Amino acid sequence: MEFIQTLLANQVLVSILLSALPLVFIVLMVLVVLYTEMKVAAHIQDRVAYMRTGWHGVLQPIADMLKLLQKEDIIPTKSDKLLFRTAPFIAFTGTYVAYAVLPFSSIYIGSNINLGAFFLVAAGSFVVIGILMAGWASNNKWSLIGGIRSASQMISYEIPTALAVIIVVMITGSLNLQDVTKFQDGGMGNWIVFGGPLPWMQKLMLMPFTLVTFFILFVASIAEVNRTPFDFPEAESELVQGFNTEYSGMRFAMFYLSEYANLFTVSAVVVSLFLGGWSSPFGTFMSGPLWGIFWFVVKAYMFMLIQIWIRWTLPRLRVDQLMFVSWKVLTPWLFVCILGVGLILVL
Amino acid sequence: MIDLTMLQPPTLPTDYTVKLGHTKTSTGKTIRTEEMIVNMGPQHPSTHGVLRLEIVIDGEIIVDCIPHIGYLHRCFEKHCEQMTNYQQIIPYADRMDYCSAMTNEWAFVLAVERLLKIEVPERVEYIRVIMAELQRIASHLIAVGTYGIDSGAFTPFLYTFIDREKILDLFEMTCGARLLYNYIWIGGLSHDLPPNFIGQAKDFITYFHPRITMLNDLLTYNEIFVKRTANVGVLPKDVAINFAVSGPQLRGSGVNWDLRRDDPYSIYHKLEWQPQIGKGEVGTVGDCWDRHIVRMREMEQSLNIIEQALAALPEGNVKAAIPKRIRPEKDAEIYVRTEASRGELGYYIISDGTTSPFRVKARGPAFVNLSVLPEIVRGGLIADLVLTAGSIDIVLGEVDR
Amino acid sequence: MTAQEIFDILKIRFGDALIEEKLSAAGGSASVGYAMQVWINIAPDKAKEISFFLRDDSAMQFDYLSCLSGVDYNNGTLGIVYHLSSMVHKHKIVLKTFCTKENPHVQSVSDVWGTANWHEREVFDLFGIVIDGHPDLRRILLPDDWEGNPLRKDYKVQEFYHGMKVPY
């Protein structure tokens with residue numbers, strides 16, 4: 001009896017612990033990214049941001065989070081209550097499930113499924129359901145417009161993302177993200193962005209295509225996390241706060257958390273598809289399971305920094321221009337890349 | 001005890017009826033569609049205050065736009081009639097366009113001075129010009145910065161505020177106030193310039209020239225910004241004149257009209273400067289980008305004016321001899337128009353021979369400029385409406401008075 | 001063109017529509033330079049016709065309506081003052097039109113100058129002058145259910161507005 005109990009307890013405990021690891025990671029990462037974003041933004045804008053809570057304000061994200069937790073949870077009288085309540089959690093779930101297939105290290109991946117890359121694309125579009133629900137349920141016209149915008153934007157930018165993933169899959173021959181990362185192991189030269197670990201001729205020919213694909217995936221990833229210049233669903237100066245206008249307190253925090261968690265996800269996708277994931281840029285130097293986590297997070301973090309930098313520099317596009325960029329610029333270029341990569345690989 | 005239900009704003013009779021339509025879906029089913037009426041404001045972040053725009057949208061396309069103003073109505077004109085003397089009105093005039101208080105009080109003071117036929121000393125005119133042009137730069141900086149926010153770029157806003165702080169420091173040094181000055185008085189100024197003003201103002205000029213270039217690089221010539229503002233909210237020349245639009249908005253439409261030159265007052269005719277007009281460099285003449293670039297270039301012109309005025313600043317008294325009690329003759333009336341930061345600011349004053357005016361009408365540029373908004377936003381997207389309204393650069397204190 | 005010349009041309013064309021003129025002040029000059037102190041009085045029901053003429057006539061071309069203000073003269077008369085200027089000829093003129101408090105009706109000029117639209121709404125709002133032929137005559141600065149016209153000299157503020165005490 002006791003034996004069964006411990007076994008059960010252990011199994012449940014172990015799986016809970018394993019699946020909760022990303023959650024802990026998300027919370028910590030969001031705190032760090034929040035702090036980084038505020039500080040980077042401030043220094044871009046010639047100011048210093050918060051300085052008083054702790055050394056250079058390092059405790060401020062925690063204080064912000066505590067404040068959000070204490071806020072009153074306001075639910076508008078005429079809203080669709082069920083949808084309104086569940087929307088933030090659905091949005092967050094969409095982000096969270098994506099962490100299941102992120103290869104943090106050679107030994108840690110939530111679920112080493114063979115359809116990892118495909119799963120990521122699918123999970124990414126799951127978030128939009130939450131946003132659409134929030135926009136619809138708020139019974140606020142601005143929120144509704146925000147939700148609808150979000151849906152159209154996600155649909156448009158899923159396509160460049162998926163096409164970019166296809167190109168990587170063509171080169172590596174696997175949808176399993178762990179395999180994709182292992183394929184690129186062994187130093188910077190083996191990264192797919194530089195043509196992958198292929199013979200020299202092929203590599204040189206592939207390089208222009210992979211570089212373009214990498215850039216396009218990066219642009220599409222900014223659009224997918226709804227950040228400037230693609231921050232339409234919540235375009236502050238146009239739609240007040242877009243889909244989360246009516247949210248407050250914990251539910252708003254969920255959207256916030258989801259947004260920043262998503263920021264990490266897309267960066268991680270770019271990193272594991274194109275920049276070798278957890279593999280060390282210096283071959284065997286500083287490589288290993290623990291170093292893997294380090295490299296993975298650092299690389300993803302670099303991307304987040306670039307996204308923050310872009311956000312605080314550029315103005316916003318217009319809705320029709322957003323569609324134009326997606327359908328008439330990125331998608332045709334990706335078709336060209338697919339053709340090119342395919343031909344090179346066949347030759 | 002206030003009945004809270006009574007505090008709900010009354011539903012305003014808008015004569016617009018929502019048009020119903022039908023659309024066929026791909027499966028051949030017919031669905032009903034209708035236009036949506038949305039309230040933009042008074043608490044919307046990009047209406048620059050408490051402007052309320054009732055917009056009718058079809059999807060995201062603006063079908064109609066009805067501005068509702070008056071949320072900031074402070075009975076300026078009634079107040080003026082109730083004051084016991086003319087000097088008391090100057091602080092109220094400050095509060096009309098609070099982003100550009102110097103030009104406001106100057107316009108009012110100029111009207112009273114002309115009503116009394118007072119000539120002010122040369123030094124006063126020079127100092128007034130310096131102050132007004134500094135104020136114009138400060139006001140345009142707000143316009144440009146908030147326009148950046150409207151277009152989604154937050155950073156230029158803070159850059160412009162850093163520069164504006166320096167101008168406000170100059171004002172504070174001169175008269176003690178940073179926003180509402182009460183500096184220009186009837187027949188002169190409240191104080192003479194402090195001794196180190198000229199040096200600091202010159203420092204500011206040398207500091208600010210490169211900042212304009214930087215702002216242009218960051219915002220004006222940004223590819224996305226140009227894409228957003230070119231060919232948006234086009235205000236044709238004839239419409240602009242018909243709606244008596246003035247200031248940068250009028251010049252943005254390609255009309256070469258500046259009251260500092262065309263209806264001269266003070267010493268502007270002695271100085272070298274050029275009115276800037278929109279030329280449609282990236283799109284059509286009179287689009288949002290043109291209005292923006294006119295403001296950017298006007299700042300440079302203002303710097304020129306300040307530089308010359310500082311160099312030519314004569315010595316002398318800063319107060320003219322004026323009667324102790326200001327009492328214009330009976331039935332005297334005057335309309336004086338000046339070029340404030342946002343355009344033609346006119347004061348129409350009727351005197352009845354007492355120490356307080358019989359009627360004061362303030363013709364605010366923002367009020368008139370805003371009235372053209374519905375004409376130029378139809379057919380655009382919501383994002384265009386935000387940018388068009390931003391390019392008009394309204395200050396609700398002046399619109400609602 | 002001076003105010004006298006403008007007045008003469010208008011007199012020939014419109015005759016009785018021009019009631020009086022005050023051209024004596026400041027030498028009667030309405031050219032560029034000093035303030036506008038000379039004015040022409042026109043009949044309130046001919047305002048639109050005269051305005052169209054002033055705008056379209058090639059010698060006049062008053063294309064810019066600077067300001068349109070209502071006035072309560074505190075003797076039973078209300079008035080509207082039009083400050084016109086021409087961007088082409090750079091001359092100015094002031095038109096005035098009067099009506100009684102009992103029958104406050106003035107013709108709209110918003111067809112002539114688009115800017116008059118809001119100015120006339122303001123005059124309607126604050127003076128209670130009914131602008132005939134205005135496309136959208138609603139209150140503009142005050143709430144739609146406000147009582148009275150505040151800029152009239154005999155205005156008494158209402159006691160309560162939606163249960164809130166108004167005089168402070």
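1. A disulfide is a pair of cysteine sulfur atoms within 2.5 Å. By that rule, the structure holds 0 disulfides over all chains. Take Cys65(B): its sulfur is 13 Å from the closest cysteine sulfur, which belongs to Cys288(B), and that is too far for a bond. The sulfur of Cys67(C) is likewise too far for a bond, with the closest cysteine sulfur, in Cys80(B), 13 Å away. Both residues are covered, where buried means under 20% relative accessible area, exposed over 50%, and partly exposed in between (1.4 Å probe, protein chains only). Cys65(B) is buried at 2%, and Cys67(C) is buried at 0%.

2. Before going further, a word on what you are looking at. This is a predicted model, in which local features need pLDDT of at least 70 and side-chain atom pairs count only at pLDDT 80 or more, while totals for chains, interfaces and linings use all residues. Residues are numbered from 1 along each chain as its sequence is written, chains are lettered from A and ligands numbered from 1 in the order in which they are written, and side-chain values use heavy atoms, with hydrogens and water left out.

3. Next, the nonpolar cores (sets of buried Ala, Val, Leu, Ile, Met, Phe, Trp, Tyr and Cys residues joined through side-chain atoms within 4.5 Å). The largest has 88 residues, and Tyr183(B), Tyr347(B) and Ile349(B) touch the most other members. Helix α4 (residues 122-150) of chain B gives the most to this core, with 13 residues. Another core lies apart from it, with 79 residues, among them Ile57(B), Leu78(C), Ile129(C) and Ile131(C).

4. Leaving out residues up to four places away in sequence, Ile349(B) touches residues including Tyr86(B), Phe108(B), Leu115(B), Ile334(B) and Val360(B). Glu133(B) is found in helix α4 of chain B and counts as buried, at 0% relative accessibility. With the same exclusion of residues up to four places away, Glu133(B) touches Arg260(B), Tyr268(B), Ser302(B), Ile305(B) and Ile306(B).

5. Helix α14 (residues 382-392) of chain B is worth a look too. This helix is mostly covered, with 11 of its 11 residues buried; among them are Asp384(B), Thr388(B) and Ser391(B). Just after α14(B), Asp393(B) takes a positive phi of about 60 degrees.

6. Two loop residues of chain B also have a positive phi without being glycine. Lys117(B), at about 55 degrees, is found in the loop between α3 (101-116) and α4 and counts as exposed, at 52% relative accessibility. Asn182(B), at about 50 degrees, sits in the loop between α5 (155-175) and β6 (184-185) and is partly exposed, with a relative accessible area of 27%.

7. How do the chains meet? Of the 2 pairs of chains in contact, chains B and C share the most contacts. The contact takes 52 residues from chain C and 49 residues from chain B. The area buried between them (accessible area, 1.4 Å probe, lost on being put together and summed over both) is about 4,300 Å², of which carbon and sulfur atoms give 57%. On the chain C side, Tyr64(C), Trp118(C) and Leu141(C) lose the most area to chain B, together 17% of what that side buries. No contact joins chain A and chain C, whose closest C-alpha atoms lie 24 Å apart.

8. Finally, one residue from chain A. Met170(A) lies in helix α5 (residues 141-172) of chain A and is partly exposed, with a relative accessible area of 31%. Its contacts, leaving aside neighbours within four places in sequence, are Ile338(A), Val341(A), Gly342(A) and Leu345(A). Met170(A) and Leu66(A) are 104 residues apart in sequence and 46 Å apart in space, C-alpha to C-alpha.

Technical notes:
Helix = DSSP H or I, 4+ residues; strand = E, 2+ residues; numbered from the N terminus. Contact = heavy atoms within 4.5 Å. Buried area = accessible area lost by both parts, 1.4 Å probe.
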